[in-house]
Amino acid sequence: MPRPTPGATPEVLAPVRRLPGRLTAPDPGWSVTADVVVIGSGIAGLTAALRLKEELGPEGGKVLVVTKDRLAAGSTRWAQGGIAAALGPEDTPAEHELDTLVAGAGACDPEAVRALVTEGPAAVHELIALGAQFDRDPAGELSLTREGGHHRDRIAHAGGDATGAEIQRALIEAVGRAPEIEIIKRALAVDLLLDGPAGEGGAVAGVTLHVMGEGQRDGVGMVRCRAVVLASGGMGQIFSQTTNPVVSTGDGMALALRAGATLRDLEFVQFHPTVMWLGADSVGQQPLISEAVRGEGAFLVDDAGDRFMQGQHELADLAPRDVVAKAIMRRMMETDRPHMWLDARHFGEEKWQRRFPTILATCRSHGVDPVTELIPVAPACHYASGGVRTDLWGRTDVPGLYATGEVACSGVHGANRLASNSLLEGLVFSRRIAAVLPGELRPWSEPVVDARTAGLVPGAVRRGLQDAMTTRVGVLRNAEGLAGVTDYLDGLAATPADLVDLDAWETTNLLTISSAVADAATAREETRGSHWREDFPERDDAEWSGHLDVIMRDGETTCAFSPAAPSDGEVHP
Ligand SMILES: Cc1cc2nc3c(=O)[nH]c(=O)nc-3n(C[C@H](O)[C@H](O)[C@H](O)COP(=O)(O)OP(=O)(O)OC[C@H]3O[C@@H](n4cnc5c(N)ncnc54)[C@H](O)[C@@H]3O)c2cc1C
């Protein structure tokens with residue numbers, strides 16, 4: 001069936017699902033106020049807080065950061081490879097833009113990509129001025145490397161392969177030098193408080209939190225505020241094997257959806273091709289073998305030693321992630337093996353120690369010495385290219401709610417994120433939010449009585465949900481598997497929890513996001529970027545140029561298609 005043209009009314013493509021319209025929680029027992037609440041303390045959240053404080057000035061309003069665990073618990077500190085920006089003398093933002101659009105497989109927002117690549121270099125220099133120490137060559141220039149999909153050396157890195165840890169350290173220290181930014185740790189954002197009906201103009205009036213603390217701020221409380229910046233990271237924990245840390249349970253996407261925001265491009269989940277394979281029974285966060293290892297010359301082989309990436313793509317082992325992940329999966333299926341191998345033995349001890357000390361130590365801790373042995377690797381969930389839909393300035397559909405970093409869908413990643421563009425996205429779009437938010441801060445408003453239907457599923461269903469998502473909504477998808485998983489998830493949604501606790505809140509968020517991802521993956525009957533349908537193996541621009549958007553109204557979700565022109569600079573029939 002031909003799709004409507006760009007700008008036409010969205011076409012609803014999935015059945016309505018019933019999920020909790022808000023999370024069951026005790027009434028708030030305490031209350032505080034802040035002009036702006038930032039949810040999350042990774043690169044996106046701390047950059048937003050620092051920049052907002054600067055833009056608001058000493059009298060302009062209070063900024064409060066709330067974060068679920070320790071400040072460094074999110075994905076940021078795990079980032080290895082680096083941060084991409086046109087920093088080299090030969091490089092240009094235009095070349096970075098083209099590589100980003102090509103990787104995004106026709107689904108990027110070109111204006112958002114342009115903002116990312118043109119503002120990227122200044123944003124990285126600002127991070128350096130803040131105290132982040134990147135690796136430099138003997139002449140003192142930034143040492144830049146290359147990763148999959150990039151045609152230039154443009155990845156700045158720190159501590160060899162400890163880029164995220166260094167960025168997180170520098171940001172935490174910078175926030176420590178700004179005592180006027182208040183921080184509440186071990187505080188789970190539960191739901192937004194709105195001053196009107198969700199999805200019908202209700203604007204942010206506050207947020208409910210559950211704090212595991214002592215004294216006055218323990219248990220469920222509320223923050224009354226005028227704006228919320230959502231920087232709560234990704235949702236990798238919807239799968240049983242992921243590179244994401246335990247806090248990545250999609251809470252921010254779920255609470256935004258419940259409050260009336262739109263989730264976009266959720267089917268485009270990036271599976272990193274080279275995650276260390278620890279055995280079929282290993283679940284949770286798995287060790288990543290950074291793309292930069294291939295950037296420095298490592299290559300993939302099968303059991304017979306065949307370098308199967310050669311001839312698959314002009315960039316061979318450095319092809320974009322979706323291409324490499326699919327090639328690995330194909331060869332795994334052809335040879336009936338649970339993993340392939342990465343060969344970097346030729347680096348020798350010195351290069352491994354100098355460039356990839358963290359990965360070297362991780363491999364050795366799992367009994368593999370990459371100096372003398374091949375590393376077993378297989379694809380695993382790595383990154384959510386979609387998320388809460390925003391405009392170019394981080395605004396969502398909910399007045400007063402902004403989103404930045406991995407939780408957001410700013411449009412820069414399209415169907416497949418280009419390596420090392422995500423740290424940059426957090427930096428650039430947090431700066432953009434800080435540039436506009438002070439000028440559009442809303443007056444204080446009163447939360448209305450919440451009419452959304454509360455609900456909760458038990459934490460005990462989490463493992464089954466993760467297994468079902470991995471088997472049926474993983475790298476390879478088909479209609480039969482997807483139909484099975486949506487039935488299964490509908491069944492879980494009808495299972496009430498008898499305990500109100502952190503596990504149940506997170507698991508309900510995982511279920512909400514899993515249902516939305518499965519619906520979008522079912523609806524998109526083509527293969528594009530990181531979305532691979534076995535039953536629709538070709539990219540189909542005539543039918544599928546555009547975005548799938550999921551919305552919720554009092555717990556009922558719908559998934560609709562909004563057409564858009566392809567954006568990868570290529571001519572498609
Ligand atoms: C192993 C690994 C390697 C990577 N390597 C790279 C790389 O080399 N280059 C690159 O560009 N990208 C890389 N990425 C991706 C990148 O690290 C992330 O996309 C990026 O750090 C996301 O930043 P963020 O600030 O949006 O989220 P995060 O850093 O994940 O921070 C999210 C924050 O929100 C908090 N939070 C979550 N839920 C709640 C809640 N309900 N209430 C309160 N707080 C909450 C978390 O505790 C955390 O503080 C990598 C990711 C992983 C996992």
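**Strands, ligand shell and helices**

Modeller: This is a predicted model. We may begin with strand β11, which pairs with strand β12 (residues 204-211) in the antiparallel sense over 7 bridges.

Biologist: Which residue of β12 is the bridge partner of Ala 189?

Modeller: β11 covers residues 187-194, and this strand is joined to β12 in the antiparallel sense. Within that pairing, the bridge partner of Ala 189 in β12 is Leu 209.

Biologist: Which strands stand at the edges of the open sheet of 4 strands?

Modeller: The order of the strands in this sheet is β4-β13-β12-β11, and the pairing is mixed. Two of them have a single partner strand each, so one side of each is left without a neighbour in the sheet. The strands at the edges are therefore β4 (31-33) and β11 (187-194).

Biologist: What is the average twist from one strand to the next in that sheet?

Modeller: The strands are taken in the order β4-β13-β12-β11. From one strand to the next, the twist averages 25°.

Biologist: Which element gives the most to the shell around the ligand?

Modeller: Of the 45 residues around the ligand, Gly 40, Gly 42, Gly 74, Gly 233 and Gly 405 come nearest. By class, the shell has 17 nonpolar, 24 polar and 4 charged residues. At least two residues each come from α1 (43-56), α4 (163-176), β11, α5 (251-258) and α10 (421-436). The element that gives the most, with 4 residues, is α10.

Biologist: Is Asp 501 buried, exposed or partly exposed?

Modeller: Asp 501 is found in the loop between α12 (479-493) and α13 (502-523). A residue counts as buried with 20 or more other C-beta atoms within 10 Å, and as exposed with 12 or fewer. Asp 501 has 13 such atoms within 10 Å, and is therefore partly exposed.

Biologist: How far apart in space are Asp 501 and Leu 456?

Modeller: In sequence, Asp 501 and Leu 456 are 45 residues apart. In space, from C-alpha to C-alpha, the distance is 9.6 Å.

Biologist: How are helices α11 and α13 oriented to each other?

Modeller: The axes of α11 (residues 462-472) and α13 come within 10 Å and cross at roughly 25°. The crossing of α11 past α13 is left-handed. Angles under 35 degrees count as roughly parallel, and α11 and α13 are therefore roughly parallel.

Biologist: Which residue of β21 is the bridge partner of Leu 342?

Modeller: Strand β21 (residues 375-384) is mostly covered, with 10 of its 10 residues buried. β17 (residues 269-276) runs antiparallel to β21 and is joined to it by 6 bridges, with Val 269 opposite Ala 384. Strand β20 (residues 340-343) also pairs with β21 in the antiparallel sense, over 3 bridges. In this second pairing, the partner of Leu 342 is Ile 375.

Biologist: Which residue of β27 stands opposite Asp 549?

Modeller: Asp 549 lies in β26, where it is the bridge partner of Arg 264. Strand β26 (residues 546-553) is joined to strand β27 (residues 556-563) by 8 bridges, and the two run antiparallel. In β27, the residue opposite Asp 549 is Ala 560.

Biologist: Which residue takes a positive phi in the hairpin of β26 and β27?

Modeller: The hairpin has 2 residues between the strands. The residue with a positive phi, near 45°, is Asp 554.

How values were computed: Residues are numbered from 1 along each chain as its sequence is written. This is a predicted model: local features need pLDDT of at least 70, side-chain atom pairs count only at pLDDT 80 or more; totals for chains, interfaces and linings use all residues. Two strands pair if DSSP finds at least two bridges between them. Axes are lines fitted to C-alpha atoms, for helices over the stretch in contact, and angles run from 0 to 180 degrees between N-to-C directions. A residue is near a molecule or strand if its C-beta atom, placed from the backbone, lies within 6 Å of it. Ala, Val, Leu, Ile, Met, Phe, Trp, Tyr, Cys and Pro count as nonpolar, Asp, Glu, Lys and Arg as charged, and the others, Gly among them, as polar. Angles under 35 degrees count as roughly parallel, over 145 as roughly antiparallel, 65 to 115 as roughly perpendicular and the rest as oblique. A crossing is left-handed if the near helix is turned anticlockwise from the far one by less than a right angle, and right-handed if clockwise.
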